[in-house]
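Let's take a friendly walk through a protein model together. Have a look at the sequence and the 3D view before reading on.

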Amino acid sequence: MFRQVRKKANEITVSSAKALIKKSRRGILAVNGDNGYPYAIPINYLYEEESQKIFFHGSKVGHKVDAIKKSDKVCFTVYGNEQIKDETWAPYLQSALVFGRCKLIEDEDRAMKVLKDFAMKYYPSAGMVEEEMKKAAKATQMFEITIEHISGKEVQER
């Protein structure tokens, strides 16, 4: 159902792709936008490996919400782990690609728990998370991507 990495020599293992997703702080979410145009935006996220889900937050209204309501199929990309191996001028870069189904988390208690876990990835203390949640939690919508396929690759930029 999903395409495999075309150049097998560039492919990284699924576990390496998951490690990149887990470690990174930002990725690009792509949805089916207005008038057939793709809509891709950078987001902060939380990857939960045990459940094979990616969580992110956003406004309760807007282009992203409208697109997800029309079509729950999304693509999420993370890239990083840039390193020099052979030549000092041409780094290697890894990327991970996720295909999945996205939905709004409707259960408010669950959404607040996920929001707290999400915020702990980005804030330095639980106290700061609690403070921020008191201010902004009610205006925040949590989304959940159920992962259907993960692949990754490493390429040298030259």
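## Charges over rings

The charged end of Lys 121 sits over the ring of Tyr 45, 4.0 Å from the ring centre. Here a charge counts as sitting over a ring if NZ of Lys or CZ of Arg is within 6 Å of the ring centre and within 35 degrees of the ring normal. Lys 85 also lies over a ring face, that of Tyr 92, at 4.5 Å from the ring centre.

Keep in mind that this is a predicted model: local features need pLDDT of at least 70, side-chain atom pairs count only at pLDDT 80 or more, and totals for chains, interfaces and linings use all residues. Residues are numbered from 1 along each chain as its sequence is written, and side-chain values use heavy atoms, with hydrogens and water left out.

## Aromatic pairs

How many aromatic pairs does a search of the whole structure find? There are four. Rings of Phe, Tyr and Trp (its six-membered ring) pair if their centres lie within 6.5 Å; planes under 30 degrees apart count as stacked, over 60 as edge-to-face and the rest as tilted.

One of the pairs is Phe 2 with Phe 99, which is stacked, at 5.2 Å centre to centre and 25° between the planes. Phe 2 lies in the segment before α1 (14-23) and Phe 99 in strand β6 (residues 92-104), so this pair ties together parts that are 97 residues apart in sequence. Helices (H or I, at least four residues) and strands (E, at least two) are DSSP runs, numbered from the N terminus. Phe 2 is partly exposed, with a relative accessible area of 23%, and Phe 99 is partly exposed at 26%. (Buried means under 20% relative accessible area, exposed over 50%, partly exposed in between, with a 1.4 Å probe and protein chains only.)

Phe 118 and Tyr 122 form a tilted pair, 5.2 Å centre to centre with 45° between the planes. Both lie in helix α3, four residues apart, about one turn of the helix. Phe 118 is buried, with a relative accessible area of 5%, and Tyr 122 is buried at 16%.

## The sheet

Seven strands form an open sheet with antiparallel pairing, in the order β2-β1-β5-β6-β7-β4-β3. Two strands pair if DSSP finds at least two bridges between them. Why is one side of β2 (38-44) and of β3 (46-48) left without a neighbour in the sheet? Both stand at the edges, each with a single partner strand.

Strand β1 (residues 26-32) is joined to β2 by seven bridges, and Asn 32 stands opposite Pro 38 in β2.
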